[in-house]
Amino acid sequence: MAGVAGGNDFQWCFSQVKGAIDEDVAEADIISTVEFNHSGELLATGDKGGRVVIFQHEQECKNRPNLRGEYNVYSTFQSHEPEFDYLKSLEIEEKINKIRWLPQQNSAHFLLSTNDKTIKLWKIGERDKRAEGYNLKDEDGRLRDPFRITSLRVPVLMPMDLMVEASPRRVFANAHTYHINSISVNSDHQTYLSADDLRINLWHLEITDRSFNIVDIKPANMEELTEVITAAECHPNQCNVFVYSSSKGTIRLCDMRTAALCDSHTKFFEEPEDPSSRSFFSEIISSISDVKFSHSGRYMMTRDYLSVKVWDLNMENRPVETYQVHEYLRSKLCSLYENDCIFDKFECCWNGSDSAIMTGSYNNFFRMFDRNTRKDITLEASRESSKPRATLKPRKVSTGGKRKKDEISVDSLDFNKKILHTAWHPKENVIAVAATNNLYIFQDKIN
Amino acid sequence: MLHHNMSLHACLYVLCVLPPTQEIDDNVITPEKAEEVKLKARYPHLGAKPGGSDLLRKRLQKGQKFFDSGDYNMAKAKVKNKQQLPAVTPAEKAEITGDHIPTPQDIPQRKPSIVASKLAG
């Protein structure tokens with residue numbers, strides 16, 4: 001389905017961009033998570049200001065079948081607010097770390113959103129009818145004088161302008177001492193897991209006052225701490241299986257049927273390291289920032305600082321595929337350590353058929369890899385190439401001395417323009433790319 | 001005797017600069033190792049275990065705010081006497097707790113975002 005590299009058969013083009021254009025970006029406007037729902041009809045974003053904005057795919061215009069419909073604002077609400085834990089002197093950011101949609105079961109939509117400490121279940125419902133003809137109050141809400149009421153009437157449901165309401169249905173709080181990095185809905189549609197730096201908890205969606213701790217890697221003596229949990233995800237169809245990644249570049253697969261506490265793993269994934277190439281930076285750049293199962297459940301993908309790796313769940317000793325995202329940064333690690341960029345947490349995602357993967361880089365570049373053709377492409381999310389249906393031109397970073405025309409040198413890259421969050425529509429070739437405070441939507445060219 | 005001590009000292013210095021696994025006569029330095037040498041040259045006190053406790057503990061303590069009323073009142077008194085506050089010199093990448101005295105003006109007000117997201121504009 002998805003060819004990747006610019007070729008005769010397939011090209012990406014600009015569709016929409018959301019967000020302000022001004023140079024001065026307010027901290028609160030920085031997008032911190034992007035997620036399509038299971039049908040791709042809705043696209044949710046969370047930002048550092050604790051706000052969630054949901055876009056809905058408009059139906060294609062029947063008059064113009066060549067145009068895919070656009071994503072327009074469906075609902076927006078304040079999910080989390082800044083808090084201060086006075087007991088621990090801890091400032092709790094309102095930044096939305098992750099949003100995960102629940103599979104749709106009725107006309108309403110449900111999503112989980114989380115900051116560092118608290119997970120909330122939100123219901124997004126539509127209201128297009130309202131009751132009119134109350135007995136005790138007027139249409140504008142004023143109470144009627146009971147002595148003036150001479151007859152009873154039955155209120156009637158009348159159509160009204162569509163109103164989309166978001167309401168918090170559950171608040172899952174006080175279960176995490178450390179900062180939540182992941183949430184993942186289980187395939188049983190009843191439970192979900194939340195992971196922080198040292199622990200993973202399993203929740204039931206209906207129960208907020210307790211959760212099961214299923215992984216605890218906190219050492220008895222904190223001086224002995226050597227690694228933290230960086231990401232976790234439930235298997236897409238085996239409800240007893242989940243994985244979690246670590247800051248040391250390892251992934252553990254756990255089976256909840258084996259024990260109540262899954263401290264000992266069922267499978268341990270680690271690529272052997274060449275000891276002669278070890279450096280001060282080795283462990284830092286091997287830290288996994290994201291782990292995602294393929295839709296099939298047969299593979300999983302991990303993102304570390306310089307590469308994306310695809311693992312076959314049946315093979316623990318090495319990944320089956322490795323894709324270099326920006327290898328040219330290896331000779332810049334010293335300055336990337338000094339400006340903290342080496343700690344940036346990039347995410348990665350699969351396309352609907354698991355034939356392609358995408359991840360972000362610097363300078364507002366993002367990369368796509370086609371697993372079948374082994375072709376890769378670098379594209380840029382920029383206002384310059386934002387003309388309607390304009391085809392995106394492949395970008396190239398020059399690594400050698402000679403810089404060709406249209407190439408950009410490594411030293412000219414803007415490391416403040418990082419693409420950490422991207423999402424791929426579950427069924428179509430539509431992608432959402434978060435570039436700081438702007439959300440870009442790209443799609444394939446329909447001929 | 002003095003010469004012997006000095007050559008020992010020189011050996012120790014060399015061992016600190018070069019990564020321990022590299023042979024002294026190895027001419028091939030990977031770009032990663034070259035970056036490490038650069039870093040160690042700039043920050044000679046950087047710990048031997050980079051991914052270990054220091055970095056991880058800093059990560060776990062994100063958001064922690066410290067306030068010492070004793071330090072705060074002493075700093076206020078010092079300002080009154082027109083003396084300089086102690087200068088803050090963060091060693092490598094660690095923050096020294098207690099060196100920076102926050103004033104009420106320093107603490108940012110934590111207000112929720114009343115403004116709607118610009119994505120929804």
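Mentor: One term before we start: a polar contact is a pair of N or O atoms within 3.5 Å; within protein, one must be able to donate a hydrogen and the other to accept it, and residues adjacent in sequence count only if both atoms are side-chain atoms. Keep in mind, too, that this is a predicted model.
Trainee: Okay, how many residue pairs are in polar contact across the interface of chain A and chain B?
Mentor: The rule finds 15, with both residues at pLDDT 80 or more.
Trainee: Which element gives the most to the side of chain A that touches chain B?
Mentor: That's α2(A), with five residues. By type, the residues on that side of chain A divide into 24 nonpolar, 17 polar and 21 charged.
Trainee: And how many salt bridges cross the interface of chain A and chain B?
Mentor: Six by the rule. In one salt bridge, the side chain of Arg59(B) meets that of Asp197(A), at 3.2 Å from N to O.
Trainee: What about area, how much do chain A and chain B bury between them?
Mentor: About 4200 Å², 56% of it on carbon and sulfur atoms. Glu91(A), Phe280(A) and Cys334(A) supply 16% of the area that chain A buries against chain B, more than any other three residues.
Trainee: Switching to aromatics, how many pairs are there over all chains?
Mentor: The search of the whole structure finds 20. Take Phe269(A) and Trp311(A): their ring centres are 5.9 Å apart and the planes are at 80°, so the pair is edge-to-face.
Trainee: Is Phe269(A) buried or exposed?
Mentor: Buried, with a relative accessible area of 0%. Trp311(A) is buried as well, at 1%.

How values were computed:
Residues numbered from 1 in each chain as written. Chains lettered and ligands numbered in written order. Predicted model: local features only at pLDDT ≥ 70, side-chain atom pairs only at ≥ 80, totals over all residues. Heavy atoms only, no water. Buried area = accessible area lost by both parts, 1.4 Å probe. Salt bridge = Lys/Arg side-chain N within 4 Å of Asp/Glu carboxyl O. Helix = DSSP H or I, 4+ residues; strand = E, 2+ residues; numbered from the N terminus. Nonpolar A, V, L, I, M, F, W, Y, C, P; charged D, E, K, R; others polar. Phe/Tyr/Trp six-rings, centres within 6.5 Å; stacked < 30°, edge-to-face > 60°. Buried < 20%, exposed > 50% of the residue type's maximum accessible area, 1.4 Å probe, protein only.
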